[in-house]
Amino acid sequence: MPTVSVKRDLLFQALGRSYTDEEFNDLCFEFGLELDEVTSEKDIISKEKGEEKAEGASETVLYKIDVPANRYDLLCLEGLVRGLQVFKERINLPRYEKIIPAKDEGQKLIITEETVKIRPHAVAAVLRNITFTKERYDSFIDLQEKLHQNICRRRALVAIGTHDLDTISGPFTFTAKAPSEIKFKPLNQSQEYTASQIMDLYRTDSHLRHYLHLIENKPRYPVIFDSNGVVLSMPPIINGDHSKISLNTRNVFIECTGTDMTKAKIVLDIIVAMFSEYCEKQFTVEAVEVTYPNGKTHIYPELAYRKDKVKPELINKKLGISETPSSLAKLLTRMCLNSHVIGNGNNIEIEIPPTRADVIHACDIVEDAAIAYGYNNIQMVIPKTYTIANQLPLNKLTELLRLDLAAAGFTEALTFALCSMEDIADKLGMDVSATNAVHIANPKTAEFQVARTTLLPGLLKTIAANRKMPLPLKLFEISDIVVKDPTKDVGAKNYRRLCAIYYNKSPGFEIIHGLLDRVMQLLEVPPNEENGYTIKATEAEPEAETYWLPVQHGVHYTATMKSSAFFPGRCAEIFVRGQSVGKLGVLHPDVITKFELTMPCSALEINIEPFV
Amino acid sequence: MGVLSWQEAQGSLTAKGEREPRRIVGLGIMSSEIKAPRPMTSLIGLITSQSPRIALRPHSLRRPERGSSRRTQDGAAHSSSSAEKEHFRVTAVAFPAVAMSPSVAELLLQRLERTPPGPEGGLCSLEAATALGLDHQTLVGAVKSLQALGKVIEAETRATTRWELSAEGAEVLRDGSPEVRLFHSVPTEGLLQSDAMKLPGAQALTHRAVRQVDAVQDTVQNSLRQVQEGNGNSLSERERTDLKKRKLLLEVTLKSYWIRKGSAFSTAVVRQETDLTPEMIATGSWRKLPFKAYNFSALGLPPTCGHLHPLLKVRSQLRQIFLEMGFTEMPTDNFVESSFWNFDALFQPQQHPARDQHDTFFLQDPAEAPELPTSYMARVKKVHSQGGYGSQGYKYEWKVEEARKNLLRTHTTSASARALYHLAHQGKFTPVKYFSIDRVFRNESLDATHLAEFHQVEGVVADRGLTLGHLMGILHQFFTKLGISKLRFKPAYNPYTEPSMEVFSYHEGLKKWVEVGNSGVFRPELLLPMGLPESVSVIAWGLSLERPTMIKYGINNIRELVGHRVNLQMIYDSPLCRLDA
C-alpha cells in the first residue's frame, strides 16, 4: 500500500479546517485511508540516523497516510484534498478539460520505429501557464515518484519525464539509438556523458541503479530529442539537465513512455488532472499530437469520461441497504462519481472521471456507494445459508492422531516447510538429486532453497536448538512434505507425514518402535503380514533405494527416504498390508553430528495418507 | 508405641531405604545461607521411603523454578531407558543424601532441655555448633529435621553480620600492609622518586618517596588483626569501609537459628508416619499412628506427558469454530501452485506487484505447471485483457507463460478458487460454506512479526443474494467466537474482492483499533469465468493464524512461536486454548 506523506498544516489549510489527530484518523478510516503515522522530518531522521543528525531538521508535523493501491488519484496532497472535499460535499468535483490547439500550433511527438523493440509507447501533454510554489513543486516531483513506484512498476511499465517547455522546441522525436550515439548532460550533472557512461555513473546511485536493468542489455536505448537535437530524456533512466523544471517554470511538457499503453495513459491523466489546478485556466490541459511509426496520429491526454448505468436495486441488494435512487446517486457523487437518476428512477447514470481508472465494473461502483453510506452503518445480518459441515478426512485423522501422540508422551513441534538443500540431502547422507525435491528459484537465503521432503530435519533442528532441555526429548510432527510429481497439474504433490524422534543417552529404539505399535493400534492395524503391519530390516546397501508412496488414483510415485540416514543394521522399513509406508531406526552418528547433536537418537517417519 | 528414640527411628528407616534411601533434603538450605534468593528446599516431612514420587521435587520451589528442578531430576536420569524406571532412579540420585549423625539432633535436644523455658530461653545455632564442636551446617540439618517433626522445637532465623579477612587481607596480616612494606624497602637516606616508583607497592605513593621518619605503625595490619581476633566490631565504621574498599575485609551475612523449646518439646522424638502403607491398611495400625503434616503450599509432581504446540491448539479451535458454524473444510494440500490459480484466476493482473520476485517464491523445478484448465483459462485471459461480464478488464496483453509459472502459494485463496471452480462444475448450484487453515509462503523480509511462511485462515460462503451486511454479520459471529466482539470495518483494496473491508477490533490492552482480518465480496470477473451463476455472490475473509495466537499467548516475536528455534519449555507450559474465555 503506497504511503503519502503530507504536511499537516498544509493539508488542513487546503481542507479549510483543522482536525485533531484522532478526528483525522476517523475521517481516513471512513474513507478507506489509514493515518499510518504522525511524524516530522526531524523525527524521521532522528529515528534513522540518530538524534545528532536530526539537529536543525524541520519539525513541521507530517501525516503519513496509507492509500489503497488502486487509488492513484489520492497519491498527492492535491488529490487527497480533492477526494476528501468532494466526499464531505464541500466542493464539486472539477471537470478536467483538454484544449486542442489550432492546427500546427500545438506540440507534436513523433515516435520512430526503433522504439518498438524496447519501449513502444509514448503519450504527452502540456500544462500551460502553471504557477509553482516550493510546496507545489515538491508535490509534483513526489507524485511522479509515487506513480513510478506503484502503477509504473518501478518504471518498467511507464516512465515519466517533465520538462520546461520554454527551454526546448518541438516537434519532439521519441526514438532509440545505440548507447554510443546518445550524449547529453543528465539532470543535475555538470558535464555531458554518453549513454554508456551514464549507465556507469548511476551504477552506484542508490536510487537510479534499480532502473538500469530495464534497458542495459538492449542494443538501443530509448531517447527523446527536440527539433534542435537537445535530449529531453533517456527513459526510463534520467532526464536531460537542459530542460529541467524549476519553480519559475511556466509551461510544462510531460511525456510518459512505456511498455503498457493503458498504464501510460492513466499515468498521464493522473498527473495533468492533479496539477492543472495550478494552471492559469484551472483544470485545463493542452493536448499533444502523437504520431506513430505507421503515420497515424492520436491526441493526448485522453482525459476520457466514461458513462455507466447501474440499477439502484443492484446497489441495495449487494449491500443489504434500502436507499432511494436519488440518495444513492448522491452517495456516488460524493465518491467523485457524478451520478444522477434516469429513466423514472429505474437507473442511475454514473460518470466515471479520468482519475478513477480503478472503476472497471459495477461492483466498483457498488463499493463506492458503500463507502459513502458508511460501512459501519450497514446492518449486520447472519446469512441463512444452510449447510452441513464436513472435515477433510486427512485433516480429521491428523487431528485425532496428534492428540494420541501427545498422550503417548511426545511433544508436538511445528517446523518450517522450507529448508536448505543441505538439510534434506547432505546432512542425511544422500544426494539432493535423489530427494525429488521442489526447488525455489529466488530464495533470499539458503534457508529457503527447497520444500522439505522429510520432516526429520526440522525435528532434529528443534532438538539442536533445545539442547539445554532435560532429557529425554520426545518430539513429533504431523505435517506436509512436498515432492515433484509430473502427474499432478502443478507438477508437485504434498504428502502428510508423521515423524517422531527420541533423543537421549541411549538410542531408545524400543521406544520409537513402541510408538509405532501404538500408532498402528490406534489405526486398528494388527501386527501381522497379511492384513496388518510388519517391519523388516532394510538392505545393508541403501543405494538407489526408494519406497513407494501410494497415490489416490492408482498411480504410484516414488519418494526417497534413504536408509543412509540410519545406523547400519538399525533401520527397518514399515510395511502395511504389503505396502511400504515409511521407516524407523536409530539415526546414523554422522547425521547426529551434522545436526550438531551429541546423543543417540531414534526416529520414525511414515506417510499417513494410506490410513485415511 | 509411636515414640521412638531418634536413633531407633533412623535405624528403622534406613532398613527400608534400599531402593529409595532415606534422604534429608532440608540441607539445601545450607548453601543458601549466605545468599538468600536461591530456592530453598526444606521440610523433610514428606520425604520418606514410602513416597519416592514426592521426594522427587524440592518442595518449597515456587512455580517459576519448576523447570529448573525438573532439569535436575531428568538431567540425572540419563542412564534410564524407560520412563517409569526413570522416576525411581532419579530419586536415587537427585538429592545426595547427607549423612547426619542421629546424635546431633539428640545432642541439640539435650542442650535445649537445659535452657530456661519462655521466650527468653533458647540457643543460638552458631554458639551451639561451636559448643558441640560441629559444623554449623550439620547443626542446621538437625534443626530442620526436628522442625519437621512438629512442635518439638521452634526455630527462628536470624541474620548476623560478621567481618572476615579476604585472602589479600590475610596476606597483609601476615606480611604487613603494602605501604609499610614499601616504607621498609626505602633506605634510610631516601630514594629518587623515579626509582621509588619501581618498587613493589609504589602505586600507593601519592607524592614523593622520602623516608623522613625512622619507624611507622602499621595501622592496617593492626586493624586486620583485631578483625581476625573477632573484634571486628571495635573498628570504626570508616576504618571498616576503607578496608572493605581495599578488598582486605569482607562483610559476611550469616543466617543462624534461635532455637527454643516447642510446645511438644521432648528429648525423645515421636516418630510420625509419613504416609499410609498397604500394611497399615491391612493391619489397621493407621488408627493409632501419628502422621506427619503435608506441605500443601508446595507444588505437586508434574505428570509425564506430551504437549501440543500452541499454534496448532489455536488451529484446532479455529477448525472447531468453523465446524460449529457449518463450514466444510477445503483441500489445501498443495504448497506448490501455478501462477494461474494463485493470481490469474483471482483476477490479479500479471503486472501486479505481488507477482514480483520480491514478494513471491517462484520455483526453479518444477518451474512450470504442466496442466492448466484450457477453456477456463481462455475465459480468464479474455476478462483480463479485454474485459467482459460487465467489466472493462485490465486491457493488457495477458501471457500464458506468466500463468504457467509455478510458485509456493502466497495465500490459500488459490485453494478457494479451485474449490469454487469445482463447485461451478458440479452441475446444479448448491450453496456452500467453506473454510481452510494451512500454510502460505511469502518471499518477504523477515522481522519480529513476519516469517517466510505462515498459516492463513480463510472462510468462504457462496449463496444467492449475499450482501455486504451478510459478510459483516458472519464476521461478527466468527470473531465473537474468537473472543473478539468489538469490530469495525474499513474500506480497503484487494484485487479479487469488491467491496473489500479490513476488519478492525478494539484492543483493550493497546487502547486502539488493530487490524484482525481482511474480507470482501469476490469480483464477478473472478466468479463468472468459472461458470458460477450470475445470481451467486461469494463472500470471504482471511486472517493469519499466528497473529491471534501471539495475542492469545502473549508472544511478541513470531520466531518464539514457530519453527525449530522455539523453546520447548514454551510448548510444555502453554495453557489450554480457550479463545472466548
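Student: Which residue is the bridge partner of A:V341 in β19(A)?

Tutor: The structure is a predicted model. In β19(A), the residue bridged to A:V341 is A:I348. This bridge belongs to the pairing of β18(A) with strand β19 of chain A, residues 347-352, which is antiparallel and extends over five bridges. As a general point, the strands of a sheet are held in pairs by backbone hydrogen bonds, in either a parallel or an antiparallel manner.

The two strands are part of an open sheet of three strands in chain A, arranged in the order β17-β19-β18 with antiparallel pairing. At the edges stand β17 (306-310) and β18 (338-342) of chain A, each of which pairs on one side only. On average, neighbouring strands in this sheet are turned by 25 degrees against each other, if direction is ignored.

Helix α10 of chain A, residues 325-333, lies across β18 and β19 of chain A. Its direction makes an angle of about 165 degrees with β18(A). Between α10 and β18 of chain A there is a loop, and A:C336 is placed in it. The phi angle of A:C336 is near 70 degrees, a positive value in a residue other than glycine. A:C336 has a relative accessibility of 6%, so it counts as buried, the limit being under 20%.

The loop on the way into β17 also deserves attention. A:P301 lies between β16 (297-300) and β17 of chain A. The peptide bond that joins A:Y300 to A:P301 is cis, with omega about 0 degrees. A cis bond is found in chain B as well, from B:E498 to B:P499, where omega is near -5 degrees. There, B:P499 lies in strand β11 of chain B, residues 497-507.

For A:E89, a residue other than glycine, phi is near 55 degrees. A:E89 is located in the loop between α5 (77-87) and β4 (97-99) of chain A. With a relative accessible area of 48%, A:E89 is partly exposed. A further case is A:G32, which follows α2(A) and has a positive phi near 90 degrees. Within helix α2 of chain A, residues 21-31, the buried residues are A:F24, A:L27, A:C28, A:F29 and A:F31.

Returning to B:F478, its contacts beyond four places in sequence are B:L318, B:I321, B:F322, B:M325, B:V457, B:W541 and B:L543.

In chain B, B:E458 lies in strand β9, residues 453-464. B:E458 is buried because its relative accessible area is 2%, and the limit is under 20%. Apart from neighbours within four places in sequence, B:E458 is in contact with residues including B:F322, B:T412, B:Y434 and B:W541. The side chains of B:E458 and B:T412 form a polar contact at 3.1 Å. B:E458 and B:S519 are 61 residues apart in sequence, while their C-alpha atoms are 9.4 Å apart in space.

Chain A also contains an open sheet of seven strands with mixed pairing, in the order β20-β24-β25-β31-β30-β29-β26. Its edges are β20 (411-412) and β26 (533-537) of chain A; each has a single partner strand, so one side of each has no neighbour in the sheet. Strand β25 of chain A, residues 492-503, and strand β31 of chain A, residues 601-607, form an antiparallel pair over seven bridges. In that pair, A:L498 stands opposite A:I606 of β31(A). Helix α14 of chain A, residues 456-464, lies across β24, β25, β30 and β31 of chain A, at about 35 degrees to β25(A). Helix α15 of chain A, residues 509-522, also packs on the sheet, and its direction makes about 25 degrees with that of β31(A).

Terms used:
Residues numbered from 1 in each chain as written. Chains lettered and ligands numbered in written order. Predicted model: local features only at pLDDT ≥ 70, side-chain atom pairs only at ≥ 80, totals over all residues. Heavy atoms only, no water. Pairing = 2+ DSSP bridges. Helix = DSSP H or I, 4+ residues; strand = E, 2+ residues; numbered from the N terminus. Axes fitted to C-alpha atoms, helices over the stretch in contact; angles between N-to-C directions. Contact = heavy atoms within 4.5 Å. Buried < 20%, exposed > 50% of the residue type's maximum accessible area, 1.4 Å probe, protein only. Polar contact = N/O pair within 3.5 Å; in protein donor to acceptor, adjacent residues only side chain to side chain.
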